[in-house]
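Keep the 3D view open and follow along topic by topic.

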Amino acid sequence: MANIKELAKQREKISPGHRACSGCLAPTIVRMLGMAAGDTPIVVSNATGCLEVVTTIFPYTAWNVPFIHSAFENAAATISGVEAAYRSLKKQGKYDKEVKFVAFGGDGGTYDIGLQSLSGAAERGHNMVYVCYNNEAYMNTGIQRSSATPKYGSTTTSPSGKVEPGKKQYPKDLTQIMVAHNIPYVAQGVPSMWNDLVTKFQKALQTDGPAFVNVLQPCRLGWAFPAEEGVQIGRDAVDTCVWPLYEVDNGEYRLTYKPREKKPVEVYLKQQTKFRHLFRPGGEEAIAEIQKWVDERWEKLLKLAGEG
Amino acid sequence: MAKIKEELGLGAGTNKALTGNEAVAYAMRQINPDVVAAYPITPATEIVQIYSQYVADGLVNTEFVAVESEHSAMSATIGASAAGARAMTATSSQGLALMWEMLYIAAGLRLPIVMPEVNRALSAPINIHGDHSDTMGARDSGWIQIYSENSQEAYDNLIQAVRIAEHPEVMLPTMVTMDGFIISHAMEVVRVLDDADVTNFIGTYKPERYLLDVDHPFTMGGLDFTDYYFEHRRSLAEPMFHAKNYILEIAEEFEKKFGRKYGLLEDYRMDDAEYAVIVIGSTAGTAKTAVDDLRAKGIKAGVVKIRVFRPFPFEEIKDAISGCKAVAVMDRSDGLAGVGGPVFAEVRSAICDETKKPLTMNYIYGLGGRDIDTEMIKSVYRDLQEAAATGRRTLVNYLGVRE
């Protein structure tokens, strides 16, 4: 459990004044990771994407920690090299600090183009925390569909139109893919539940070996909601069980949050323009399908977590 | 004994029978980098394989990262180098092609990565044998490129490459190439230096800024808009302009210590040469033999071997061939540019301002490991003599291909 008074005392790892959209929760996720790290030094690698673009416009940087961006698909491979250097220099007695290694990638840089690099680094067992800030589309290039985009989500490359209903496929379950790598720690979080997320980041940073945290990041640009609504939408994602909060700690599933009352998916969907077309006449069937999909997956998760 | 060695021109070290790959792996063991991240690819696989055994036997301090692709090999090497480690990888052909994106980034971030590259043809059709298509395609990536004629050169070049890449006025990634199979898999006598000599020659790597210096955080790889990108790329051009001075300085020190001489080019019987062949890599040896035969018949033939292709030694090339009547530029890759291979284009550009310049012809040869022998090279000299006599020539020729 994180203590907010203690967290507030931590030196920020990312400074204000970056160029993220108002209401963007990606820097919030970074701040929470930084709070979880506390006084432990971290080195960050970042995939090309919104976070990198808005924080590193030369000659400025928002990062108060060592930071490297090299390309889009390789945040995990890059940090694996940094971490290998650390192990090598330590082994040779040339370096004596205790450092943690963190990679940030969006869903495009993680689910899609960076999946191989992430899988390789996870399999090799590097001591790293990989954080996916998952806003469910390529927001930096202008809201294109990714394999994290939900079914029926309308994006600029899966637009809803007269004959198409938006994206036709369900999203890939990357969290489960990472669980299947048998790495020591995998979790899903959302910045709206700060205590849950900071606690997960603390666990991830304390993990000896690879840890993966998939964080749903409501995107005010791509999901088109008022700047102040992001936190609430994240909460709705959790309360509708669209994005359950859980962790898999050395193979043991644990639900970290169980909504008292499971809300219908409409509560979450209706706030986002990408699902607006489902709320026109004829969209009921699609919403029912999403509800069924969410219910089935929730039930499955409850069983895995020993709560079913 | 030392005197005899000197007279034979062999230089310092001990004789060992090694293939090119073995010689390079041996040099890597002596360099003992902090991190090696690599992926297997024919014909460079052995380098990584032998090196893994060194790691397994505790002969090096290296952290070996067996990555899942060459893209990740270069990415991890970039991460390690940025972290403050001496970092290396090795690759060939499609592996280099997959690294392409990261080659530019390694240079742009000014990371002194050293990479042996075993030259192999690029697909399609897939072919595992030696030609220069792979590294010629990477010639504008900001890497220093040093080509080797034989295993000895690959060994010596790799050791010098560490010094070149890490020179504070250079700080550019450097690749050392050798022809796939022809050098990588052929056993030769290689004079290897003592471990301590290599350690002393390369020194320790002391980066100015590095990621693991957590008390002095900095951001590497930020975003430039139109207001800074050009200046940063301009500052990348600067060390490439000056690198040849340092390459020569380091070669001189190498020669002084170990008795083997290296330059940007190697002139062979060029003093009074009327006909010259400009060549890169293992074919230089074949060309030298052809020249010896021709010289015996009174033909004034010579060879210019390009050792350093990046930075391109345009002044040295110009000087080397200024007295020639006709020159053939040999390209072991086809630039598919419509006007001949990449070496041809650059050599022609080097001499274009001269009022008195030799006639030039281009020969594309040896693609996909196609053999080239002394007779074929002699035929090139015959073409040069004829062209010089008649003034008639075919600009771009394909040598040794069925048409």
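The radius of gyration used here is taken over C-alpha atoms, and the rule for a globule is 2.2 Å times the number of residues to the power 0.38. For the 308 residues of chain A, a compact globule would come out near 19 Å, and chain A has 19 Å, so the two agree. Please keep in mind that this is a predicted model.

**Chain A at a glance**

- Chain A holds 11 helices and eight strands.
- Along the principal axes, the C-alpha atoms of chain A fill a box of roughly 70 × 45 × 40 Å.

- An open sheet of nine strands, with mixed pairing, runs in the order 8(A)-7(A)-5(A)-6(A)-4(A)-3(A)-1(A)-2(A)-10(B).
- Which strands sit at the edges? They are strand 8 (252-255) of chain A and strand 10 (219-220) of chain B, each of which pairs on one side only.
- Strand 2 of chain A and strand 10 of chain B run parallel and are joined by two bridges.
- Gly189(A) has Val215(A), in strand 6 of chain A, as its bridge partner.

- Where chain A meets chain B, 39 residues of chain A are in contact with 38 residues of chain B.
- On the chain A side, the elements that give two or more residues are strand 1, strand 2, helix 4 and helix 6 (115-124) of chain A.
- Helix 4 of chain A gives the most to that side, with 13 residues.
- By class, the side of chain A that touches chain B has 20 nonpolar, 15 polar and four charged residues.

**Two domains in chain B**

- The domain assignment of chain B gives domain 1 (2-258) and domain 2 (265-399).
- How far apart do the C-alpha centres of the two domains lie? They are 28 Å apart.
- Domain 1 of chain B brings 28 residues to the contact, and domain 2 of chain B brings 20 residues.
- On the side of domain 1 of chain B that touches domain 2, helix 6 (133-137), strand 7 (144-147) and helix 9 (229-258) of chain B are the elements that give two or more residues.
- Helix 9 of chain B supplies the largest share of that side, five residues.
- The class count for that side of domain 1 of chain B is 13 nonpolar, 10 polar and five charged residues.

**A helix pair in chain B**

- Helix 7 (residues 151-166) and helix 8 (residues 195-202) of chain B pack at an angle of about 25°, with axes 9 Å apart.
- Angles under 35 degrees count as roughly parallel, and helix 7 and helix 8 of chain B are therefore roughly parallel to each other.
- Ile159(B), Val162(B) and Arg163(B) in helix 7 of chain B meet Val198(B), Phe201(B) and Ile202(B) in helix 8 of chain B.
- This contact between helix 7 and helix 8 of chain B has five nonpolar residues, no polar ones and one charged residue.

Terms used: Residues are numbered from 1 along each chain as its sequence is written. Chains are lettered from A and ligands numbered from 1 in the order in which they are written. This is a predicted model: local features need pLDDT of at least 70, side-chain atom pairs count only at pLDDT 80 or more; totals for chains, interfaces and linings use all residues. Axes are lines fitted to C-alpha atoms, for helices over the stretch in contact, and angles run from 0 to 180 degrees between N-to-C directions. Helices (H or I, at least four residues) and strands (E, at least two) are DSSP runs, numbered from the N terminus. Angles under 35 degrees count as roughly parallel, over 145 as roughly antiparallel, 65 to 115 as roughly perpendicular and the rest as oblique. Two residues are in contact if their C-beta atoms, placed from the backbone, lie within 7 Å. Ala, Val, Leu, Ile, Met, Phe, Trp, Tyr, Cys and Pro count as nonpolar, Asp, Glu, Lys and Arg as charged, and the others, Gly among them, as polar. Two strands pair if DSSP finds at least two bridges between them. Domain bounds come from an automatic or database domain assignment.
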